[in-house]
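Dear colleague,

Please find below the structure that I am handing over to you.

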Amino acid sequence: MRFLAVVLLALLMPCFASASTRIKDIASVQGVRDNQLVGYGLVMGLQGTGDTLRNSQFTEQSLQSMLDRMGVNVRDMPLRTRNVAAVAVTADLPPFIGTGSRIDVTVTSLGDATSLKGGTLMLTSLMGGDGQVYAVAQGPVAVSGFNATGQAESLTQGVATAGRIPNGALIEREVPGAMREMSTLVLELKNPDYKTATLVTDAINAYALGRYGKRVATPRDFRTVALNKPRDIGTTRFIAELGDLRVQPDTPARVVVDQRTGTVVIGKNVQISTVAMTHGNLTVRVTETPLVSQPEPFSNGRTTVVPRTQITASEPDAHLAVIGGSDLQTLVKGLNQIGLKPTDIIAILQAVKTAGALQADLIVQ
């Protein structure tokens, strides 16, 4: 059974290697993007976990201003409630969304509130970068985390001071512009590359010659491909037809390492020129075994602690290995033969890059 699984994997590997990707998964129409919205509001109905009004004066001022607009005068009254929290409300406005549609919002505490669980966001205006109000948000806040505190112990899971309101914002203003008003159509690659831009252009033109009888794509640079839409087809259908075309995108030779988490990501086009390397770890162990010295009976002596330190250093044998590979499989096999930890692999890759044998970009995060 195991032999059959190995044979099946060997047969499928060429298929995986030649897998293609749809154009709409690697590129997007330039100018069609989300817009960020932000607002300031109040969450009410908390069970004593809101802001301390004495410490969060902006919460008290906001509560007073809201009550004033509702006809309640509390300017000269000290407020001591703990069921209100000032929050920042953020949302992403999708492109071409219409008035009356709903979007999700994220609510984040601004003051010293300990939890937003059980609270309700009051009517909050969400503004864009131009200062215009595009949506209003209101509704109960869904919080996944919780925070329980006692006199001697506290328990925290997740983040209790941030939550979401699904479909909590109502669109009141549309973003100016529509797809039919775009003078030029440009595809923008998510991972810019000269070869990928050329492959996308060739795939579109090969399809356009049979569909429209002419070429419609021209590469501008390694990031964008300009499109010339025929007159007898709509913009939406034109983009939809081109988006389903498949290409094999090219990826640059790149190695990304994260020293904080020990993560190493090696691209399939990474190559290492043949080099010989060795890697060993020096371990120094310091052991403290203090001894207690007792005086003789009736000698008027003192009990003292005599320090005793033992230091040992060990360095395991390190074998000299030859590493070099024309493809990713050979490189990974060579690193696995040495038996290294992620931190050791990161150190070796940096040394190989310094030696000039790593034929790729090394990105250290």
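Predicted model: local features only at pLDDT ≥ 70, side-chain atom pairs only at ≥ 80, totals over all residues.

Two strands are said to pair if DSSP finds at least two bridges between them.

Let me begin with the strands around β6. One of the bridges to β7 has T124 and A137 as partners. The hairpin of β6 and β7 has five residues between the strands, and G131 takes a positive phi near 85° there. Strand β6 is also joined to β3, by three bridges, and these two run antiparallel. V43 stands opposite L121 of β6.

In soluble globular proteins, nonpolar side chains tend to be buried together. Here the largest nonpolar core has 25 residues, and V89, I103, V105, V107, L121 and L126 have the most contacts inside it. At least two residues each come from β3, β4, β5, β6, β7 and β10. The greatest share, five residues, is given by β4. Leaving aside residues up to four places away in sequence, V107 touches several others, including V43, V89, L121 and I165. A second, separate core has 22 residues, among them V29, Y212, V225 and L227.

A further group of strands deserves attention. Four strands make an open sheet with antiparallel pairing, in the order β2-β11-β13-β12. Its edges are β2 (27–29) and β12 (217–219), each of which pairs on one side only. From one strand to the next, the twist averages 25°. Within this sheet, β11 and β13 are joined by four bridges, and E188 has T224 of β13 as its bridge partner.

Finally, I turn to the aromatic rings. A search of the whole structure finds three aromatic pairs. Y194 and F222 form a tilted pair, with 5.1 Å centre to centre and 40° between the planes. Y194 lies in helix α4 and F222 in the loop between β12 and β13, so this pair ties together parts 28 residues apart in sequence. Y194 counts as exposed because its relative accessibility is 60%, whereas F222, at 30%, counts as partly exposed.

The rings of Y212 and F238 are also tilted, with centres 5.9 Å apart and planes at 55°. Both residues are buried: Y212 has a relative accessible area of 17%, and F238 one of 0%. Ring pairs link Y207, Y212 and F238 into a cluster. Elsewhere, the charged end of R173 sits over the ring of Y134, 5.9 Å from its centre.

Yours sincerely

Key: Residues numbered from 1 in each chain as written. Heavy atoms only, no water. Axes fitted to C-alpha atoms, helices over the stretch in contact; angles between N-to-C directions. Core = buried A, V, L, I, M, F, W, Y, C linked by side-chain atoms within 4.5 Å. Buried < 20%, exposed > 50% of the residue type's maximum accessible area, 1.4 Å probe, protein only. Contact = heavy atoms within 4.5 Å. Phe/Tyr/Trp six-rings, centres within 6.5 Å; stacked < 30°, edge-to-face > 60°. Lys NZ or Arg CZ within 6 Å of the ring centre and 35° of its normal.
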